[in-house]
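Please read them beside the structure.

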Amino acid sequence: MSNDNTLSRRGLLMKLGILFNGIVATAIAVPIVRFLLSSITRGPANSYLAWVTLGSVAEFPEGETRLATFRNPNAMPTDGKTIDTACWVRRVAGDQFQVFAVNCAHLGCPVRWFPQSGLFMCPCHGGAYYRDGSRASGPPERGLFEYPNKVQNGLVTIQAGELPTPGSPTAALLGKKPPCA
Amino acid sequence: MRLISQIGEWFDRRLQLAAPIREVAEHRVPRNTASWWYIFGSGALTVFVLQIVTGILLAMIYVPSGGEAWSSLQSLNHEVTLGWFIRALHGWGSNFMVAIVLIHMVQVFLFGAYKFPRELTWIVGVFLLLMTLGMAFSGQVLRFDQDAYWGLGIGASIASRVAIIGPAAVKLMLGGPIIAGATLSRFFALHVFVIPGLLIGFVCLHLLMVVKLGINEWPMPGRLVKKATYEAEYHELTKKDGEPFVPYAVWKDMFFAAFILLAVAACAVYFGPFGPAGRPDPTIIQTAPRPDYFFLWLYALLSLLPPSMETPALLIGPVVAIAFLLLLPFLSGEGEKSWRRRPIAVLTILLLAISLGTLTHLSGYTPWSPHMNSWSGDPVPDRFLRGTTALQRQGALVFQGKQCRNCHSLGDAGGHRGPALDSVATRLTQDQLIRQVIQGGGNMPAYGKNLSPAETTALVSFLERLHPPNQAPARDASRDVAISETPETHAPAQP
């Protein structure tokens, strides 16, 4: 039996036991947490992004907007069809391109291109964008997300690999800001 | 018979469970709680057990892989014997569970059961509601079809708007930079291990407290809860006017349990399983994703809020709502229990029910979504074409060809995103029509760059015809004056 001031042998052993368990638990928790957060902490910033090819320049007539698909640079064997992503490619003139994400800047639904009216329309909440991707009307607070693109050896390539969402840092750099109202 | 009782005694000598079970079964409850109003808690538990059983059965066939989930659901629907029925039971069970949990919560709220000493029972219940909704959402993801794929995108778009940690939250939620195989696997782990494990633990806690603290007595107007005296009063009540829970109250729970299982099974047989809808192929963009029934109100809210309100409402709204639910027993832990003397409580429930009902009803026909095929599919009503000039007919073609119809209806066909145009000529003059078409505004895109002057002229001449026969088109009075001064100018249509 021990009073408040003395520590019995059993009491000390129990406290040491707790301490020992605490150390082991921390040692195991570190890799567990790192595993859980691995999709966030992976490498340096934007390490998911890579340049992917959409096709040759000739596939995209000047002045028109066409749907293209590309394979994601970070493929996993269990991805199935979700490995592919669609995007809207607008060939402005010559080697000048604009490549838009299909995801509406509001909540990410797939927007459709209507060449007759020169508008992208979203089937979910009715967001609309002009042919250059800038916001036309509806709930989106900004224009369509745009992938950085370049033409190399006659091939249109874009920097992709992340789902564009309104809050992502890559999205903040790209695409049209809402025009002044 | 003697053998059975001997076996029973053998087990009980080792398990020692008979006495506590008898104690729970025979604990006295106030007579008036043996009411049909008190059956929803056990009803929710019944459906939860059904969900566990059918969920385990589905997991025997289902493959949580981005490449195979959809086809494994197809085999469940079409190849595995009665696979469709188990899927339907699980899907309908989910709908019933959300509904019963909500009804249970409303009943508990209106009967003041969250007040002292049952505060913690209520708080655990709030977590049970959140987990039930979490199960509903993650379950929709496991039905890995187009709606699930784009629904995840919507979830990611919402999560990304959280300040500072938004982008990281998206990657954590998706298990990577995009919606893909890792996303499905992670939602599988949530839906099958994490949330159900927590649910079982919290249900046990919830039940333990119900048994230990006693079922909430029928609230009598004027009988106020006071922390100092309540427990003694309740004890007195169960002694004077109490009955053993089994069988006095439990028979109603049993009837309701059987009824609810029958109802789920009937819906499963009659309506069948939910989906899966189209294959989750991100390159097929001809799709308009819709959430499951219990999230439709949110879908409606997101289209009706002004854009500037959206992010605050999405991010702050749920936090405030959950905080309010958790704090409720501390804000009014004593006092009146009866809904007859709590008008604000009743009005709150009515307001919420009407709002959620209206939003859900609206999402049934989504007036905010453009009709993507109206421009090519919906005919222009005869009455707007009869006796038209070539220019006006040309205008009708422009109207259809430029997809105006996707947002503007004529004769009730077409989109409802913008105003119906059946009588637009009575509201806008020629000048106003031209201005609206070219510059847009009021949530309409500007068509100035996409219409030639000839197309605009034709379109406006068609729009000027859109008025009821007995109602004159709008006219610009100042123009009449100007025209009377220069008689050779083309005169506007007279009423």
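1. In chain B, H7 passes H8 in a right-handed crossing (the near helix is turned clockwise from the far one by less than a right angle). The contact is made by B:Gly155, B:Ala156 and B:Ala159 of H7(B) and by B:Gly166, B:Ala169, B:Val170, B:Met173 and B:Leu174 of H8(B); residues are in contact if their C-beta atoms, placed from the backbone, lie within 7 Å. By class, these residues are six nonpolar, two polar and no charged (Ala, Val, Leu, Ile, Met, Phe, Trp, Tyr, Cys and Pro count as nonpolar, Asp, Glu, Lys and Arg as charged, and the others, Gly among them, as polar).

2. This is a predicted model: local features need pLDDT of at least 70, side-chain atom pairs count only at pLDDT 80 or more, and totals for chains, interfaces and linings use all residues. Residues are numbered from 1 along each chain as its sequence is written, and chains are lettered from A and ligands numbered from 1 in the order in which they are written.

3. H7 (residues 146-159) and H8 (residues 166-174) of chain B pack at about 150 degrees, their axes 8 Å apart (axes are lines fitted to C-alpha atoms over the stretch in contact, with angles from 0 to 180 degrees between N-to-C directions). H7(B) and H8(B) are therefore roughly antiparallel (over 145 degrees).

4. Chain B gives 58 residues to the contact with chain A, and chain A gives 49. H7, H8, H9 (181-213), H13 (296-304) and H14 (307-331) of chain B each supply at least two residues of chain B's side. That side divides into 28 nonpolar, 21 polar and nine charged residues.

Note on methods: Helices (H or I, at least four residues) and strands (E, at least two) are DSSP runs, numbered from the N terminus. Angles under 35 degrees count as roughly parallel, over 145 as roughly antiparallel, 65 to 115 as roughly perpendicular and the rest as oblique. Two residues are in contact if their C-beta atoms, placed from the backbone, lie within 7 Å.
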